[in-house]
Amino acid sequence: MDVKARVRSYLRQAVMEEVGDGDDLFELGLVNSLFALQLVQFVENEFSIKAEREDLDIVNFSSIDALTAFVLRKTQPPPGPGHAAD
Amino acid sequence: MEFPNVGVIGAGTIGTEVAQCLAQAGHRVVLVDVETGILDRARSAIGENLRYASLFDAGVREASHAGILSRIDCTTDYGLLADIDLVVDNSTESRPIKEEVFTRLDRICPPDRILAANTSAISITRLAGATRRPDRVIGVHFMNPVFRKPVVEVVKGWHTSDATVEAVQGFLGGLGKRGVVTNDMPGFVSNRVLMLAINEAISVVHDRVATPADVDEIFVKCLAHEMGPLATADLIGLDTVLRTLDVLNESYGDGRFRACPLLRQMVDAGLRGRKSGKGFFDYSGQQGLRWT
């Protein structure tokens with residue numbers, strides 16, 4: 001299952017409603033703010049990544065699209081030579 | 001800064017958050033509990049809470065978390081409170097325990113210092129009676145998550161002076177919060193009303209009228225509450241809800257606040273809500289979370 005499908009599946013279970021890929025979970029009131037940390041823990045455990053302090057911005061966790069982009073950014077190897085990760 | 005050094009008694013869920021909030025605002029904190037194990041857990045919880053706070057607050061995201069943590073001294077030694085500027089007590093919600101804590105604080109802290117009780121329901125007047133400074137004893141009922149709540153229920157005991165109320169308002173102002181001042185009857189405003197609602201919601205589940213998810217959905221979706229009563233109970237901690245109901249039951253003595261047997265059984269079974277990973281809902285992160 002690809003990243004987006006795994007994120008979608010988790011959220012469907014958690015929210016118990018259909019969630020559009022671009023829907024803002026918090027603005028739409030689908031979850032309350034306390035759910036945010038669970039989302040962080042979910043992506044960390046599910047994809048074996050670590051959200052660093054600078055990553056901990058709610059915009060990275062507010063929709064399926066945002067979560068997917070965040071996970072891909074953290075899991076993809078850094079670009080080739082000449083583009084060393086900063 | 002007024003009150004640069006603040007003592008925080010009790011490193012449970014709420015005491016830990018109060019200590020964090022104070023350290024974020026630049027206070028030095030002495031966090032006291034009876035066991036070093038609890039204090040160790042509190043330190044790691046604060047680290048985790050700072051991550052949570054970062055999600056919503058760029059100031060916290062950019063601040064040095066190590067620096068915030070370094071402003072908190074964890075200790076089992078009440079003696080370190082001897083020159084503290086103000087104390088916020090968050091000890092267990094039990095009248096005998098809190099009375100003992102206040103008697104002890106009264107002996108240790110200089111007589112002109114304010115002793116504030118963070119309590120869900122215990123009479124401030126009664127706690128003040130355990131000290132020789134009843135005019136400087138006041139209730140400050142923080143609710144969690146502490147760093148996200150702009151308002152604190154401030155409770156004026158029988159003898160609490162206006163100067164104490166004013167000083168505490170200043171102290172809360174420094175944390176970016178404001179107190180709503182109430183008079184002192186057990187449960188004040190928030191829990192006198194909320195605990196009845198939570199207890200009745202639990203009875204509804206116990207009587208098989210509805211599932212926890214359905215009970216909460218009615219409050220969230222029909223009544224526009226941010227959280228339903230059962231998710232709120234899980235957040236507070238079911239053990240704390242039970243103790244609060246017991247305090248209210250003892251205080252008013254008219255049966256309104258008699259805890260539902262299901263609540264007592266869940267606490268006996270170790271289901272204490274969010275902090276234990278399971279209460280009316282599951283918080284383990286892996287199974288079907290029922291959030292609305």
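Helices α1(B) and α2(B) are oblique to each other, because their axes cross at roughly 60 degrees. At this crossing the two axes come within 10 Å, and the crossing is right-handed. From α1(B), the residues B:Thr16, B:Glu17, B:Ala19 and B:Gln20 take part, and they meet B:Ala42, B:Ala45, B:Ile46, B:Asn49 and B:Leu50 of α2(B). Sorted by class, this contact holds five nonpolar residues, three polar residues and one charged residue. It should be kept in mind that the model is predicted.

The sheet of chain B comes next. It is an open sheet of eight strands with mixed pairing, and the strands follow the order β3-β2-β1-β4-β5-β6-β7-β8. Two strands of chain B form the edges, namely β3 (72–75) and β8 (178–183), and each of these pairs on one side only. From one strand to the next, the twist averages 25 degrees. Helix α1 of chain B, which spans residues 13–24, packs on this sheet. In doing so, α1 touches β1, β2, β3 and β4 (86–89) of chain B, and its direction makes about 170 degrees with that of β1(B). Within the sheet, strand β1 (residues 5–9) and strand β2 (residues 28–32) of chain B pair in the parallel sense, with five bridges between them. One place to look along this pair is B:Ile9, which stands opposite B:Val32 in β2(B).

In an unreviewed entry, the annotation "domain: 3-hydroxyacyl-CoA dehydrogenase NAD binding" covers residues 5–184 of chain B. Over residues 5–184 the chain is 42% helix and 22% strand, and the end C-alpha atoms lie 27 Å apart.

Another helix pair of chain B is formed by α9 (residues 212–222) and α10 (residues 229–236), whose axes come within 7 Å and cross at roughly 105 degrees. The two helices α9(B) and α10(B) are therefore roughly perpendicular to each other. Their contact is made by B:Pro212, B:Val215, B:Asp216 and B:Phe219 of α9(B), together with B:Pro229, B:Leu230 and B:Ala231 of α10(B). Six of these residues are nonpolar, none is polar and one is charged.

Helix α1 (residues 3–15) and helix α3 (residues 64–75) of chain A pack at an angle of about 135 degrees, and their axes are 9 Å apart. This angle makes α1(A) oblique to α3(A), and the crossing of the two is right-handed. On the α1(A) side the contact is made by A:Val3, A:Lys4, A:Val7, A:Arg8 and A:Leu11, while α3(A) supplies A:Ile64, A:Leu67, A:Thr68, A:Val71 and A:Leu72. By class, there are seven nonpolar residues, one polar residue and two charged residues in this contact.

Finally, the two chains touch each other. In this contact, 16 residues of chain B meet 19 residues of chain A. Which helix of chain B gives the most to the side that touches chain A? Helix α2 (residues 36–56) does, with five residues. The residues on this side of chain B divide into seven nonpolar, four polar and five charged.

Technical notes: Residues numbered from 1 in each chain as written. Chains lettered and ligands numbered in written order. Predicted model: local features only at pLDDT ≥ 70, side-chain atom pairs only at ≥ 80, totals over all residues. Axes fitted to C-alpha atoms, helices over the stretch in contact; angles between N-to-C directions. Helix = DSSP H or I, 4+ residues; strand = E, 2+ residues; numbered from the N terminus. Parallel < 35°, antiparallel > 145°, perpendicular 65-115°, else oblique. Left-handed = near helix turned anticlockwise from the far one by under 90°. Contact = placed C-beta atoms within 7 Å. Nonpolar A, V, L, I, M, F, W, Y, C, P; charged D, E, K, R; others polar. Pairing = 2+ DSSP bridges. UniProt positions renumbered as here; feature names shortened; annotations may be inferred.
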